[in-house]
Amino acid sequence: MLSTSANWSNQQLNYFNWLRHQGAKNNILLPFKPGTSGNKLPTKPGTDGNFYERKMFMEFFDSHSHLNDEKFDKDKDETINMLKKEKITRFITCGYDLESSKKAINIAQKYDCTFATCAISPNDIPQSEEELWKELEEIKKIAKQKKVVAIGEIGLDYYWNKDNKELQKKAFIKQIEIANDLNLPIAIHTRDAVMDTLAILKQNNVNNKGIFHCCPLNRELVKEGLKLGFYISFSGVVTFKNAKNANEIIEMVPLDKLLIETDSPYLAPEPVRGTKNTPANVKYVAKKIAEVKKMKLEEIANITYENANNVYKIKK
């Protein structure tokens, strides 16, 4: 029987192990011939004692988008209908306030390919604490509906909002409690608030963990977030020319904790930066990660697809 080659990179070996544990979704086993495979990877031994390689059917899962944004009001149906042609077969529509959360649920219940999250984001917190609690009560009610897969986006943002830090923290903690009560993961937004974000996550148990959405390229955040069991989701930011430490941060994230997203309609990646972003552009994020990790685009696409299904507990 062929043993794993010493010539494989760590990323290839990680992928080999990932495949062994994940199994195959719509994959075909083809004979693997040692010495002629290039970057192709064997997956598991067949009954004849030889290793086989997978012929992969590539599909993408955008783990965080906002098709509920008003920028999609005129072309939402057209945008969603064309995604299958681009091999984007699933995406998450994320809420950020009460109205956008309701809108996300409506979109998710209309289209098979998308699922919803509900929350009050740190950038959409009401001015009064009383109003905040009322809105969060409503969030908890609507989050019980079909196709809601997470509480998010929630967290802290000290870049845009410096005057209500304590209210942001209260909202973050309360929504962690809501997620725990509903047996849902969380989707975290954090900006210029790394230490406070980590402190809250360490002091408040998150039963189903979740995702650092559009994860800031911060070593401490990624290191500690991974220790806490969270997934790291990269957006188009990693493709930007001024994202100087993107490669290093991408390398820090193991394959089984890796996600990709667009944060549509914002943060369009290179080579379409400056345009209205859509889930179709998630492939450019995957391409960047594949280049850094020296893997095939198909491999990153399918790994992140499975990871998104796992964290959101979506049936395959």
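Q: How does the lining of the second largest pocket divide by class into nonpolar, polar and charged residues?
A: The lining divides into 6 nonpolar, 1 polar and 5 charged residues, where Ala, Val, Leu, Ile, Met, Phe, Trp, Tyr, Cys and Pro count as nonpolar, Asp, Glu, Lys and Arg as charged, and the others, Gly among them, as polar. This is a predicted model, in which local features need pLDDT of at least 70 and side-chain atom pairs count only at pLDDT 80 or more, while totals for chains, interfaces and linings use all residues. Residues are numbered from 1 along each chain as its sequence is written, and side-chain values use heavy atoms, leaving out hydrogens and water.

Q: What is the volume of the second largest pocket, and which residues line it?
A: Rolling a probe the size of a water molecule over the atoms shows where empty space is left. A pocket is an open set of points on a 1 Å grid over the protein atoms alone, where a 1.4 Å probe fits and protein lies on both sides within 12 Å along at least five of seven lines; lining residues have an atom within 4 Å of a point. Here the volume, the space filled by probe spheres set on the points, is about 190 Å³, and the lining residues include F115, Y312 and the run A143, K144, Q145, K146, K147, V148 and V149.

Q: Which residues are closest to the centre of the largest pocket?
A: The largest pocket has a volume of about 680 Å³, and of its 24 lining residues H189, R191, C214, D263 and L267 are the closest to the centre. Strand β8 gives the most to this lining, with 3 residues; strands are DSSP runs of E with at least two residues, and helices are runs of H or I with at least four, numbered from the N terminus.

Q: At what angle do α4 and α5 pack?
A: Two packed helices are described by the angle between their axes and the distance between the axes. Axes are lines fitted to C-alpha atoms over the stretch in contact, and angles run from 0 to 180 degrees between N-to-C directions. Helix α4 (residues 129–142) and helix α5 (residues 165–181) pack at about 20°, with their axes 11 Å apart, which means that they are roughly parallel (under 35 degrees). The contact (heavy atoms within 4.5 Å) includes W133 of α4 and I178 of α5.

Q: Where are the cis peptide bonds?
A: One joins G152 and E153, with omega about 10°, and E153 lies in strand β7. Another runs from S264 to P265, with omega near 5°, and P265 is in the loop between β11 and α9.

How values were computed: Angles under 35 degrees count as roughly parallel, over 145 as roughly antiparallel, 65 to 115 as roughly perpendicular and the rest as oblique.
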